[in-house]
Amino acid sequence: MKYCQRCLYPENHPLNITFDEEGVCSGCRIHEEKDSLDWKERGKKLKEILGRFKSSSKHNYDCIIPVSGARDSYFIVHTIKNVYGLKPLLVTYNKQYNTELGIRNLAYLQTLFDCDLLSMTVDPNVVKKITRVSLLKMGSIYWHCLAGQTVFPVQIAVRFKIPLIIWGAHQGCDQVGMFSHLDEVEMTRKYRKEHDLMGYEAQDLVDEALRLSAQEVQPFLYPHDKEIEQVGVRGIYLSNYIRWDSKKQHEEMIKLYGYESFPLEKTFDTYNDVDCYNYADVHDYIKFVKYGYGKVTDHASREIRLKRLTREEGIGLVEKYQNKKPKNLNLFLRWLKLSENGFNFLINRHRDKLVWEKTENDEWRLKDSILNHKNDHDVDAVRLEKKEVNDFQITPLRKQKSAEERYILVGKGHL
Ligand SMILES: [Zn+2]
């Protein structure tokens, strides 16, 4: 298996990655733009775009911001509302795997920024059925989250005639360098289907045997092209206009608004995925089973590119976290009424044979891993000099209120 000589990505990265003659991946090469682009100029461009959508009427929303209880939500709302002065409508798809801390972060987001928030909770029984089907078809427990998060804002944009949706980072650009920042790539139905949804639209999940009907997947249907055109819906990514550094951004939000962080079982990043008990846990375990690497590789690669980790330190972190068992697997299996054997059967079907093989004892073995590529011969030639420390904070939790007060915070939106 080929591994990037600068970061830790393997050639079987599911978003597609290419390597140049120095053995450096496309993600690392595009990432170099972060240190060469004129971000002041890029910021002006953003201001110009946003200016076009600023409504003259005080009664209208200027844009939609999809939010959650983590992952850049505070930063995006802060930037759009407090820095650029737009009036956003916040929308959230309830992924139903929420941690208490995530619920609290979202509740405080509402109260701290004085914004309106629309949320969508799909019938929990339908979500379970969808999860059974998506596990079977694509070995994913996260399809409904990704589908909901990427479609609900578009549905609301069409329904309320608010043409602009504002997203944070574009993974195709930030992770794998599929696009340059200068391409200013925007949200498309095609990218969503191919990459976010692993090739499956909602209608492809309808399954008679598993009793999932066309009606039940309706909340996940993308609006018709005609409706999108009529409103002129566009989705832009802030990472094309702001030098994206999620660690720095989260730390600013901790300082300004008391955003809460939390230690996670399978990665050192205590900021991004604290609102979900499955994402950096069962979902991450499945990623490892499929591709032979997990989120900690994503996070370490990002930090290597941002010059806060050496490649060797990154490999050390992968070694520390990669093989940790998911903490919440039993909780997930109980929720879905699935046995561990059944679960293993379903996900083993999706192992990438490029990196996995069966032993004589019928056990799965990794053919290769970044751990075997610490001393690859081209590493020094393309090395970035480490400039900062990689010190993810763990914030003190917000003062624990009584159960009653917690409900008031979530329900009324203020204490
Ligand atoms: Zn790389």
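The second largest cavity is lined by 13 residues. Tyr3, Gly292, Tyr293, Ser369 and Ile370 are the ones nearest its centre. The model is predicted.

**Second largest cavity**
- The second largest cavity holds about 60 Å³ of space.
- Its lining has eight nonpolar and five polar residues.
- No charged residues take part in the lining of the second largest cavity.

**Largest cavity**
- The count comes to two cavities of 30 Å³ or more.
- About 80 Å³ of space lies in the largest cavity.
- Gln5 and Arg6 belong to the lining of the largest cavity, as do Ile304, Lys307, Leu309, Thr310 and Arg311.
- Val379, Arg383, Leu384, Glu385 and Lys386 also line the largest cavity.
- By class, the lining of the largest cavity divides into six charged, four nonpolar and two polar residues.

**Second largest pocket**
- The volume of the second largest pocket is about 250 Å³.
- This pocket is lined by 18 residues, and Thr99, Phe262, Leu264, Tyr277 and Lys327 are the closest to its centre.
- The lining of the second largest pocket comprises nine nonpolar, four polar and five charged residues.

**Helices H4 and H16**
- Helix H4 spans residues 100-113, and helix H16 spans residues 403-412.
- The axes of H4 and H16 come within 9 Å and cross at roughly 50°.
- That angle makes H4 oblique to H16.
- The crossing of H4 past H16 is left-handed.
- On the H4 side, the contact uses Glu100, Ile103, Arg104, Ala107, Tyr108 and Thr111.
- On the H16 side, the contact uses Arg406, Leu409 and Val410.
- Five nonpolar, three charged and one polar residue make up the contact of H4 with H16.

**Helices H3 and H10**
- Helix H3 covers residues 73-83, and helix H10 covers residues 246-257.
- The axes of H3 and H10 come within 9 Å, with a crossing angle of roughly 70°.
- H3 and H10 are therefore roughly perpendicular to each other, as angles of 65 to 115 degrees count as roughly perpendicular.
- H3 contributes Tyr74, Phe75, His78 and Asn82 to the contact.
- H10 contributes Gln249, Glu252, Met253, Leu256 and Tyr257 to the contact.
- By class, the contact of H3 with H10 has five nonpolar, three polar and one charged residue.

Conventions: Residues are numbered from 1 along each chain as its sequence is written. This is a predicted model: local features need pLDDT of at least 70, side-chain atom pairs count only at pLDDT 80 or more; totals for chains, interfaces and linings use all residues. Side-chain values use heavy atoms; hydrogens and water are left out. Axes are lines fitted to C-alpha atoms, for helices over the stretch in contact, and angles run from 0 to 180 degrees between N-to-C directions. Helices (H or I, at least four residues) and strands (E, at least two) are DSSP runs, numbered from the N terminus. Angles under 35 degrees count as roughly parallel, over 145 as roughly antiparallel, 65 to 115 as roughly perpendicular and the rest as oblique. A crossing is left-handed if the near helix is turned anticlockwise from the far one by less than a right angle, and right-handed if clockwise. Contact means heavy atoms within 4.5 Å. Ala, Val, Leu, Ile, Met, Phe, Trp, Tyr, Cys and Pro count as nonpolar, Asp, Glu, Lys and Arg as charged, and the others, Gly among them, as polar. On a 1 Å grid over the protein atoms alone, a cavity is a set of points where a 1.4 Å probe fits but cannot get out, and a pocket is an open set with protein on both sides within 12 Å along at least five of seven lines; lining residues have an atom within 4 Å of a point. Grid points are joined across faces, edges and corners, and a volume is the space filled by probe spheres set on the points.
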